[in-house]
Amino acid sequence: MTPSSIPAAIRPAGMDDCSSLAALSIEVWTGTYLRNGINGHFADYVLDHYTPAHFAEALQNPAEQLLVSQNRDGIDGYIRVSHGRPSPAGGASHTEISTFYVQPRHQGHGIGIRLLQAGLQLCRSNGWDAPWLTSNSENSRAISFYLRNGFEHAGLTGFRINDAEYVNDVLQYRSL
């Protein structure tokens, strides 16, 4: 069996995972959004936002739940569900899938759908709303994944880094 053919287990994130979550986030974010080189504007955002301390704080907040996909060697993806966050597109939901990342080399192996299903079950178990999320409007691969898996377009919003704004699609899960 190759490492990619060994099924990953979905489990709650723990404090021991904070540095791995930070490293995975930096890898996925830079690989997805920085296609033409890295400049200080984006590097500063990523290095300030995705830190072990950032994840430790989230793990201590009962309104934040993180699930990881754990393979034989380490974490290859995670989903972060945040309750108490109203959708920027309006609507009744106050539950956001605030981060959902799978390492690029592990995409297409079912990890994303297993994480998504586990995240939706987490919402059901906690009595939270059907979640919403945002995705960069240029990330057609991610948007297509969400639409195939029960989400629908709910509107647009802006993602801000300092004084720059980037258009994001707001997607709402149909129902739990």
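Colleague: What is the accessible surface of the chain, and what share of it belongs to carbon and sulfur atoms?

Modeller: About 9,100 Å² in this predicted model. Carbon and sulfur atoms hold 49% of that surface.

Colleague: Which elements does the chain have, and in what order do they run?

Modeller: There are 5 helices and 7 strands. Starting at the N terminus, the order is β-α-α-α-β-β-β-α-β-α-β-β.

Colleague: What share of contacts join residues at least 24 apart in sequence?

Modeller: The share is 61%, taken among contacts between residues at least 6 apart. Buried residues come to 43% of the 176.

Colleague: Why is Ser 25 called buried?

Modeller: The cut-off for buried is under 20% relative accessible area. Ser 25 has 0%, so the residue is buried. Ser 25 sits in helix H1, residues 18–33. Leaving out residues up to four places away in sequence, Ser 25 touches Tyr 50, Phe 55, Tyr 78 and Tyr 101.

Colleague: Which residues of helix H3 are buried?

Modeller: In H3, residues 52–59, they are His 54, Phe 55, Ala 56 and Ala 58. Their cover includes H1, helix H2 (40–49), strand S2 (64–70) and strand S3 (75–83).

Colleague: Is Cys 18 buried or exposed, and how do you know?

Modeller: Buried: Cys 18 has a relative accessible area of 6%, and buried means under 20%. Cys 123 has 0%, so Cys 123 is buried too.

Colleague: How many disulfides are there by the rule?

Modeller: The count is 0. A disulfide would need a pair of cysteine sulfur atoms within 2.5 Å.

Colleague: What makes Gly 110 count as partly exposed?

Modeller: Its relative accessibility is 25%. Buried needs under 20% and exposed needs over 50%, with partly exposed in between. Gly 110 therefore counts as partly exposed. Gly 110 lies in the loop between strand S4 (95–102) and helix H4 (111–126).

Colleague: What makes Asp 169 count as buried?

Modeller: Asp 169 has 10% relative accessibility, so it counts as buried. The cut-off is under 20%. Asp 169 belongs to strand S7. Not counting residues up to four places away, its contacts include Leu 133, Thr 134, Ile 143 and His 153. The C-alpha atoms of Asp 169 and Phe 151 are 11 Å apart, at 18 residues along the chain.

Colleague: What is the phi of Asn 162?

Modeller: About 55 degrees, a positive value in a residue that is not a glycine. Most residues other than glycine have a negative phi.

Colleague: Where is Asn 162, and why is it called exposed?

Modeller: Asn 162 is in the loop between strand S6 (151–161) and strand S7 (164–173). Exposed means over 50%. Asn 162 has 61%, so it is exposed.

Colleague: How many positive and negative side chains does the chain have?

Modeller: There are 12 positive and 16 negative, and the centres of the two sets are 9 Å apart.

Note on methods:
Residues are numbered from 1 along each chain as its sequence is written. This is a predicted model: local features need pLDDT of at least 70, side-chain atom pairs count only at pLDDT 80 or more; totals for chains, interfaces and linings use all residues. Side-chain values use heavy atoms; hydrogens and water are left out. Helices (H or I, at least four residues) and strands (E, at least two) are DSSP runs, numbered from the N terminus. Buried means under 20% relative accessible area, exposed over 50%, partly exposed in between (1.4 Å probe, protein chains only). Contact means heavy atoms within 4.5 Å. Accessible areas come from the Shrake-Rupley method with a 1.4 Å probe; for residues, only the protein chains shown count as cover. Lys and Arg count as positive and Asp and Glu as negative; His and the chain ends are not counted. The place of a charge is taken as NZ of Lys, CZ of Arg, CG of Asp or CD of Glu.
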